[in-house]
Amino acid sequence: MPTSFDNGGNTLLLTTTTAVKSAATRTTSLGYVRRGDSFLVVASTFGTAEPPDWYDDLLAHPVVGVEIGARTFQALAVPAERATSDGLLVVLEPAVSQSPREVSTLADKILEVHDELRAQLRLVTTDVEAHFAALAAHEGPGEPPAPGLGFQIRQRCLAFCQGLQFHHTSEDGHLFPGIARYHPHLTDVFDRLRAEHRTVARIQEGLVALLADLGAAEPPRFRGELAEMTRELNAHLDYEEEVILPLVADVPWPPAPPPPAEGA
């Protein structure tokens, strides 16, 4: 990773972040350099080491919107472990669907979201296992890998937790009540799904709490919590797909627009 930021080409992109306190969106124009599929930007306030407001935004909400010319996409924002001579370096990793599928029904849409959640969880697990493997493999002279959890693990896990929370809140508030109106005999099923949401939320809150201070985070404990999340979430998603997908297999997605008002 470069230690200095050179953007003589004056290439710009726009980032849209979510403000920490107000939850309003904030759009910022930034110079960037490209590294493979990722984009490097520098977080500084008027060229000083003081981090700008949008840097605090992405620490709280790691998924940001990016616009480059006519292209728009979502990206995971990962701060570098060390500052450069120009400020704090941030890597924007474009979010790529891990299991693209054709979506024409509500069942397809649910599966698409579940696929993405499973893929994000696998990526977090891969990062964590690589962290422990690097610690175990270090021998001889030279500086060992940092013992604490790094920014990549933090940002990826936080993005996963926030996406999972949004999905479950949407199901509890809209999807499940809508289906239950047509299937009142499935009360026990929806009660179980909501109870599983609460179990997963408890584990999720524990993961987020462990990530609140990277310097004080306990990697072995985090690894155990992550394994529990994997077991509980995969079992929940499997059950939800078994009982819910057949009920919405014929519901078109996206939903048809409402009919025009009479006389319109």
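Let's start with a pair of helices: α2 and α3 cross in a left-handed way. Keep in mind that this is a predicted model. Helix α2 covers residues 106–137 and helix α3 covers residues 151–180. Two packed helices are described by the angle between their axes and the distance between the axes. Here the angle is about 155°, and the axes are 10 Å apart. An angle over 145 degrees counts as roughly antiparallel, so α2 and α3 are roughly antiparallel to each other.

Which residues make the contact between the two helices? On the α2 side you'll find, among them, Leu 106, Ile 110, Val 113, Leu 117 and His 131. On the α3 side, the list includes Ile 153, Arg 156, Cys 157, Phe 160, Glu 171 and Leu 175. Sort the residues in this contact by class and you get 14 nonpolar, six polar and three charged.

## Two cysteines, no bond

A disulfide is a covalent bond between the sulfur atoms of two cysteines. How many disulfides turn up in a search of the whole structure? The search comes back with zero. Take Cys 157, which is in no disulfide: its nearest cysteine sulfur belongs to Cys 161, 4.1 Å away. A disulfide needs the two sulfur atoms within 2.5 Å, so the sulfur of Cys 161, at 4.1 Å from that of Cys 157, is too far for a bond.

Are these two cysteines buried or exposed? Cys 157 is buried, with a relative accessible area of 0%. Cys 161 is buried as well, at 1%.

## A look at Arg 194

Now hop over to helix α4, residues 187–211, where Arg 194 sits. Arg 194 is partly exposed, with a relative accessible area of 25%. What does Arg 194 touch, leaving out residues up to four places away in sequence? The answer is Asp 172, Phe 176 and Pro 177.

Glu 171, one of the α3 residues in the contact with α2, makes a handy reference point too. Arg 194 and Glu 171 are 23 residues apart in sequence, and their C-alpha atoms are 9.0 Å apart in space.

## The whole chain

Zooming out, the protein chain has five helices and seven strands. Follow the sequence along and the pattern reads β-β-β-β-α-β-β-β-α-α-α-α.

The chain has 264 residues, and 39% of them are buried. Now take the contacts between residues at least 6 apart in sequence: 66% of those join residues at least 24 apart.

Methods
Residues are numbered from 1 along each chain as its sequence is written. This is a predicted model: local features need pLDDT of at least 70, side-chain atom pairs count only at pLDDT 80 or more; totals for chains, interfaces and linings use all residues. Side-chain values use heavy atoms; hydrogens and water are left out. Buried means under 20% relative accessible area, exposed over 50%, partly exposed in between (1.4 Å probe, protein chains only). Axes are lines fitted to C-alpha atoms, for helices over the stretch in contact, and angles run from 0 to 180 degrees between N-to-C directions. Helices (H or I, at least four residues) and strands (E, at least two) are DSSP runs, numbered from the N terminus. Angles under 35 degrees count as roughly parallel, over 145 as roughly antiparallel, 65 to 115 as roughly perpendicular and the rest as oblique. A crossing is left-handed if the near helix is turned anticlockwise from the far one by less than a right angle, and right-handed if clockwise. Contact means heavy atoms within 4.5 Å. Ala, Val, Leu, Ile, Met, Phe, Trp, Tyr, Cys and Pro count as nonpolar, Asp, Glu, Lys and Arg as charged, and the others, Gly among them, as polar.
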